[in-house]
Amino acid sequence: KSQKKPSHLGPLDGSWQERLADVVTPLWRLSYEEQLKVKFEAQKKILQRLESYIQMLNGVNVTTAVPKSESLPCLLHPIIPSPVINGYRNKSTFSVNRGPDGNPKTVGYYLGTWRDGNIVCVRSNNLKNIPEKHSQVAQYYEVFLRQSPLEPCLVFHEGGYWRELIVRTNSQGHTMAIITFHPQKLSQEELHVQKETVKEFFIRGPGAACDLTSLYFQESTMTRCSHQQSPYQLLFGEPYIFEELLSLKIRISPDAFFQINTAGAEMLYRTVGELTGVNSDTILLDICCGTGVIGLSLAQHTSQVLGIELVEQAVEDARWTAAFNGITNSEFHTGRAEKILPGLLKSKEDGQSVVAVVNPARAGLHYKVIQAIRNCGAIRTLVFVSCKLHGESTRNIIELCCPPDSAKKHLGEPFVLQQAVPVDLFPHTPHCELVLLFTR
């Protein structure tokens, strides 16, 4: 179907659109080649800062002997560009708040800060990283809100109901929308009416132009609710979307983590696979595994894949993907890595080689996970994937590389940073994935 825009939504004042673009995609004015140069230099600075930390570790030189220049702790490879530069996001989260014209039922992205009280919500139409399909669904959600008698929930303690919208798409064009709703004190009957109204709007009303594959509804009394805290309710359509990646068919649940640039993720996972150096005698430990794609893509080259992930739905997706693709040597565990990992590693001290891959959220790894990795002598190779090597992630790496410290329970020998590969998954933004190879 054509991705037409609601007729009443004309273009906003260009200055608002440009201001939003400068905040969300600050590199959008540069050519992609120039963006890659900026990002490469930023990654180099991150590694130089890391080198200075490592050099300060009790004066012990734990850096590698491979050729290096400009005080880098390891071999830095050229940046791998994203195969898709515009409209690459397969997941977008839209907020509801006052627009530049003061209308509280505006769907888009925030400009301003809560602290200064100058928040304004601007439509995403001209953001280079957002697909047209995502903006289209957001615009129709705005049409729906403006005809709904219920107010939006702008601030939790001030009442209101309609909240954010998440849109997920795959490379086949299938589209999943998730609407978050604050139920306040509505009865089950009143909630049912709202669900039926929004369902009707997207099936037979104006929103049918979006051609949604599925529509979910979540009653959320907090800023963020997991599926366990408040289940996603399927109003219509398919419960999952599927993606083809590295010859695997992958199942993706509403709240499962999946890299937001599918084509870029292929480049990232290929890079991780090359750096792991796994073989038929290797156990691959995939920590913070999400839907399990890294481990499952390497399963045929290893003796066993062990995945750990906090989000239960993502683990169910990983198990489905393994079964559907005929992968029988994988095992996925739900829970906090710091609780599961030590027990899992105890049984792996029998001389079998273990390669660990960690791809944590921006908050980094729990210190007990680092302890477990350090203290498992079977782990000789570690690949660390980070999209933001600051704060806790930097501390993680320092603790991996520091000399043994009985007070911190870092008893195993330190890791040595050998190679770094920047992979760009986020064109037009300053962000970049950095894949680090450690050995010991």
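This is a predicted model: local features need pLDDT of at least 70, side-chain atom pairs count only at pLDDT 80 or more; totals for chains, interfaces and linings use all residues.
Start with the overall layout. The chain splits into two domains: domain 1 takes in 26-88 + 261-439, and domain 2 covers 91-243. Their C-alpha centres sit 33 Å apart. Where the two meet, 13 residues of domain 1 are in contact with 10 residues of domain 2. Interfaces like this are often sized by the accessible area lost when the parts come together. Here that comes to about 840 Å² buried between domain 1 and domain 2, with carbon and sulfur atoms giving 59% of it. On the domain 1 side, Gly87, Thr262 and Gln313 supply 42% of the area buried against domain 2, more than any other three residues.

As for specific pairings across this boundary, the count of salt bridges between domain 1 and domain 2 is 0, while 2 residue pairs are in polar contact. Helix 7 (residues 312-324) gives the most to the side of domain 1 that touches domain 2, putting in 4 residues. By type, the residues on that side of domain 1 come out as 5 nonpolar, 6 polar and 2 charged.

Threonine 169 makes a handy reference point elsewhere in the chain. This residue lies in strand 5 (residues 162-169) and, at 12% relative accessibility, counts as buried because the cut-off for that label is under 20%. Leaving aside residues up to four places away in sequence, threonine 169 touches Arg89, Asn90, Lys133, His134, His174, Thr175 and Ile241. Threonine 169 and phenylalanine 242 are 73 residues apart in sequence, yet their C-alpha atoms are 9.1 Å apart in space.

The loop between strand 7 (214-219) and strand 8 (233-237) holds serine 230, which is buried at a relative accessible area of 10%. A polar atom of the serine 230 side chain lies 2.3 Å from the backbone oxygen of glutamate 219.

Two residues other than glycine show a positive phi. For serine 247, phi is near 65 degrees. Serine 247 sits in the loop between strand 9 (241-245) and strand 10 (248-252), and is exposed, with a relative accessible area of 77%. For cysteine 288, phi is about 60 degrees. The loop between strand 11 (283-287) and helix 6 (293-298) is where cysteine 288 is found, and cysteine 288 is partly exposed at 26% relative accessible area.

Side chains of opposite charge can pair when their charged atoms come close, and the count here comes to 12 salt bridges. One of them joins arginine 29 and glutamate 18, with the closest N and O atoms 3.5 Å apart. Arginine 29 is in the loop between helix 1 (14-24) and helix 2 (32-55), while glutamate 18 is in helix 1, 11 residues away. Glutamate 18 is partly exposed, with a relative accessible area of 40%.

Other pairs sit within a single helix. An α-helix has 3.6 residues a turn, so residues three or four places apart point the same way. In helix 4 (residues 188-203), lysine 199 and glutamate 196 are 3 residues apart, about one turn, and their side chains meet in a salt bridge of 4.0 Å, N to O. Lysine 199 is partly exposed at 23%, and so is glutamate 196 at 34%. Helix 5 (residues 262-276) holds glutamate 266 and arginine 270, which are 4 residues apart and therefore separated by about one helical turn. Their closest N and O atoms are 3.5 Å apart in a salt bridge. Glutamate 266 is partly exposed, with a relative accessible area of 23%, and arginine 270 is partly exposed at 45%. Finally, salt bridges that share partners join Glu18, Asp22 and Arg29 into one network.

Conventions: Residues are numbered from 1 along each chain as its sequence is written. Side-chain values use heavy atoms; hydrogens and water are left out. Domain bounds come from an automatic or database domain assignment. Contact means heavy atoms within 4.5 Å. Buried area is the accessible area (1.4 Å probe) that two parts lose on being put together, summed over both. A polar contact is a pair of N or O atoms within 3.5 Å; within protein, one must be able to donate a hydrogen and the other to accept it, and residues adjacent in sequence count only if both atoms are side-chain atoms. Ala, Val, Leu, Ile, Met, Phe, Trp, Tyr, Cys and Pro count as nonpolar, Asp, Glu, Lys and Arg as charged, and the others, Gly among them, as polar. Buried means under 20% relative accessible area, exposed over 50%, partly exposed in between (1.4 Å probe, protein chains only).
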